[in-house]
Amino acid sequence: MVKDPNAGLGTMIGRAFRSCCPRCGGGGIFSRWGVLREWCPTCGFRFERESGYFVGAMIINTGATLFLTLAVLVLGLWATWPSVPWVPLSIATILAAGLTPILFYPRSKTLWMAVELSYHRLEDAERLAAIERIESAG
Ligand SMILES: [Zn+2]
């Protein structure tokens, strides 16, 4: 049963940050690290609502990577100016640029689902299909 199918964006983003289904808050939506199940085991919400759905997640992931990389660089410069340790700062910046998209990948998907779901609510056919999935699953 969906606890709050009309939850606001803030609630859904909180669920997304906890790796939960943005629609119902249920857990277990990843079968393993970074691999989203086809649908939510709690409410039956089919995550990939249409072809190319997760392009929005790629945009979020790219934005987060850019932000964190620049933050490391700018904060490093700001904290150590004028005797900047260039090699360690370069390594930290490259690590931020290389690791953020990998580590943030699952979160970018759940965040995208929360944002998208906040302005594109489930249509009746999707809602009925979700109920059928849950009922046939057992
Ligand atoms: Zn759910």
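Modeller: Buried means under 20% relative accessible area, exposed over 50%, and partly exposed in between (1.4 Å probe, protein chains only). This is a predicted model, in which local features need pLDDT of at least 70 and side-chain atom pairs count only at pLDDT 80 or more, while totals for chains, interfaces and linings use all residues. Residues are numbered from 1 along each chain as its sequence is written, and side-chain values use heavy atoms, with hydrogens and water left out.

Colleague: Why is Arg49 called buried?

Modeller: Arg49 has a relative accessible area of 14%; that is under 20%, so the residue counts as buried.

Colleague: How do you know that Arg49 forms a salt bridge with Glu126?

Modeller: A salt bridge requires a side-chain nitrogen of Lys or Arg within 4 Å of a carboxyl oxygen of Asp or Glu. The closest N and O atoms of Arg49 and Glu126 are 2.8 Å apart, so the pair qualifies. Together with Glu116, these two residues are linked in a network of salt bridges.

Colleague: What makes the arrangement around the zinc ion tetrahedral?

Modeller: Cys21, Cys24, Cys40 and Cys43 coordinate the ion through their SG atoms at 2.2 to 2.3 Å, where donors are N, O and S atoms within 2.8 Å of the metal (3.2 Å for Na, K and Ca). Four donors count as tetrahedral if all angles lie between 85 and 135 degrees. Here the angles are 104 to 115°, so the arrangement is tetrahedral.

Note on methods: Four donors count as tetrahedral if all angles lie between 85 and 135 degrees; four count as square planar and six as octahedral if opposite donors are over 155 degrees apart and all others between 65 and 115; anything else is irregular.
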